[in-house]
Amino acid sequence: MSPHGNPEVPASSATEIDRDAQKVSAEPEASASTTPRPAVDSAANQPVETPAEGRNAWGLWEVFVRSSRGLSHVHAGSLHAPDAAMALRNARDLYTRRNEGVSIWVVPADAIAASDPDAKGSFFESPQGKDYRHATYYTKSEGVKHL
Amino acid sequence: MAAQNLQSVPAEPTPREQDPAEQARIAAQEADGQASFDRVMAEDSRIEPKDWMPAPYRKTLLRQISQHAHSEIIGMQPEANWISRAPSLKRKAILMAKVQDEAGHGLYLYSAAETLGQSRDKMMEDLIAGKARYSSIFNYPALTWADMGAIGWLVDGAAICNQVPLCRASYGPYGRAMVRICKEESFHQRQGFEILLELSNGTPAQKQMAQDAVNRWYAPSLMMFGPPDDDSPNSKQSMAWNIKRFSNDELRSRFVGMMVEQVRVLGLTLPDDQIRFNEDTKKWEHGPLDWREFQEVLAGRGPCNSQRLERRRSAHDDGAWVREAAAAYADKQRAKQSMKTKEYAA
């Protein structure tokens, strides 16, 4: 792979993502999105007849960039593209103009499932009050070397 | 991110929502939302796309961010005009990189605006239809090569002054876009300064060209900070919402102070004999600006308004076949892929 990833083979660059899971979660999200993007299946059935106007509304992709080897991919931003190969090319031009990355992931935005911000209290409540999960909770060992 | 956030845009009321019990429930939700929004403001924390936010806050941000995005996109034009006439290959490459950055900045900002519930296509449509505003500075013509220097030094300089505090704007996606933009913007200002410095140290005619460009861009760049504080009705609310951190006049005064120092290094002068440091207020002051001109340009009657919009429109139309071809290719690939999947299944 080239340092910027090879846009010709988009699928292989995101092997850590479960692609089947994406497709499942994309279904309910797609109806909630007001961004008109052609559904994959109907486009596949009628590739030529899709009206030009509908096609102009390109899907939204989230971009993740690995800044150097040994680090995780980190969310950099989003962009519009008609397919994964173009999304990768656009992501390279948009988010790595100054050598910011050695690898890029692009993910269809509507394939991302997010936790509900309104439920943050209850959703993240479990770790609260559990200080014993942190090393700083244990004070009696203070002063003991290598502990 | 943006696509999911579109859900949080308040929808039209349904019959069920007109039911009193339902209305009471919605009112309670709004009150909760407002309380949590107020808490975030008080803590000087950040609002994220799916959080509840007051409708005027959303509207203000959408207006500001989309105008900002449009400014970056239209802002490519005065400089792109000079790429083919740049005096050396090096300057050509630098100018191309800068114009490409402006396109990138526009796209970062459109993404941020999209998280507020407006599609990029709609924003683009509004711009092309002449319904959207952008910074009035880009309606002035770039007459000589020295204008590339003056635009970088003064216009990008003023933009940086404005944008650095926006990195701390209360709306998360806007602040993050600004961080990225500010990192890239400083090269823009330095390359402009360098162009002016070289011209200033060149022949008398070159130095004159540099001075002329500074003379023409000085006042418009000061007006980039917006109307004076007592004539800027939205400023107060934007500051209360932690979107804006400093007033227009405060930022303008800071900018003048920086330019006073820098213009000496350039060996040029600023076309304003009333610049002084006020010892009482500890602020830099400048001569009067022609706000009528500002309003005229903003209202679409500047030197280049129609030319800029026409250029944007034709660029959009000329690119239609590229967008269509890319979409057709994507459709074809998907069709192929789904055929393959069916074959495997069979």
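Predicted model: local features only at pLDDT ≥ 70, side-chain atom pairs only at ≥ 80, totals over all residues.
**Chain A overall**

Chain A contains six helices and three strands. Their order along the sequence is α-α-α-α-β-β-α-β-α. The chain has 147 residues, and 33% of them count as buried. Its accessible surface is about 9,500 Å², with 55% of that area belonging to carbon and sulfur atoms.

The three strands of chain A form an open sheet in the order β2-β1-β3, and the pairing is antiparallel. Strands β2 (73-81) and β3 (103-108) of chain A are at the edges; each has a single partner strand, so one side of each has no neighbour in the sheet. From one strand to the next, the twist averages 30°. In general, the strands of a sheet pair through backbone hydrogen bonds, in either a parallel or an antiparallel sense.

Strand β1 of chain A, residues 59-66, pairs with β2(A) over eight bridges in the antiparallel sense. Within this pairing, A:R66 is opposite A:H73 of β2(A). Helix α5 of chain A, residues 84-95, packs on the sheet and touches β1, β2 and β3 of chain A. The direction of helix α5 makes about 115° with that of β2(A).

The pairing of β1(A) with β3(A) is also antiparallel and runs over six bridges. Here A:V65 has A:I104 of β3(A) as its bridge partner.

How many of the six residues of β3(A) are buried? Six of the six are, so β3(A) is largely enclosed by the rest of the structure. In a regular strand, side chains alternate between the two faces of the sheet. In β3(A), both faces are covered. A:S103, A:W105 and A:V107 are buried on one side, and A:I104, A:V106 and A:P108 are buried on the other. The edge position of β3(A) leaves one side of the strand without a neighbour in the sheet, but its residues are still buried.

**Positive phi in chain A**

Two residues of chain A deserve a note on backbone geometry. A:N99 is not a glycine, yet has a positive phi of about 60°. A:N99 belongs to the loop between α5 and β3 of chain A, and is exposed, with a relative accessible area of 66%. A:H146, likewise a residue other than glycine, has a positive phi near 55°. A:H146 is in the segment after α6 (120-123) of chain A. With a relative accessible area of 83%, A:H146 is exposed.

**Aromatic rings and charges**

Over all chains, the whole structure holds 13 aromatic pairs. One pair is formed by A:Y137 and A:Y138, whose ring centres are 4.9 Å apart and whose planes are at 80°, so the pair is edge-to-face. A:Y137 is partly exposed, at 45% relative accessible area, and A:Y138 is partly exposed as well, at 47%. In chain B, ring pairs link B:F37, B:W52, B:Y57 and B:W241 into a cluster.

Chain B also has arginines placed over aromatic rings, including the two listed here.

| Arginine | Ring | Distance from ring centre |
|---|---|---|
| B:R180 | B:Y108 | 5.6 Å |
| B:R254 | B:F246 | 4.0 Å |

**B:M178**

B:M178 is part of helix α8 of chain B, which covers residues 172-200. Is B:M178 buried or exposed? Its relative accessible area is 0%, under the 20% limit, so B:M178 counts as buried. Apart from neighbours within four places in sequence, B:M178 is in contact with B:H68, B:L109, B:Q163, B:L166 and B:C167. The C-alpha atoms of B:M178 and B:Q262 are 24 Å apart in space, and the two residues are 84 residues apart in sequence.

How values were computed: Residues numbered from 1 in each chain as written. Chains lettered and ligands numbered in written order. Heavy atoms only, no water. Phe/Tyr/Trp six-rings, centres within 6.5 Å; stacked < 30°, edge-to-face > 60°. Buried < 20%, exposed > 50% of the residue type's maximum accessible area, 1.4 Å probe, protein only. Lys NZ or Arg CZ within 6 Å of the ring centre and 35° of its normal. Helix = DSSP H or I, 4+ residues; strand = E, 2+ residues; numbered from the N terminus. Areas by Shrake-Rupley, 256 points an atom, 1.4 Å probe, with all protein chains shown as cover. Pairing = 2+ DSSP bridges. Axes fitted to C-alpha atoms, helices over the stretch in contact; angles between N-to-C directions. Contact = heavy atoms within 4.5 Å.
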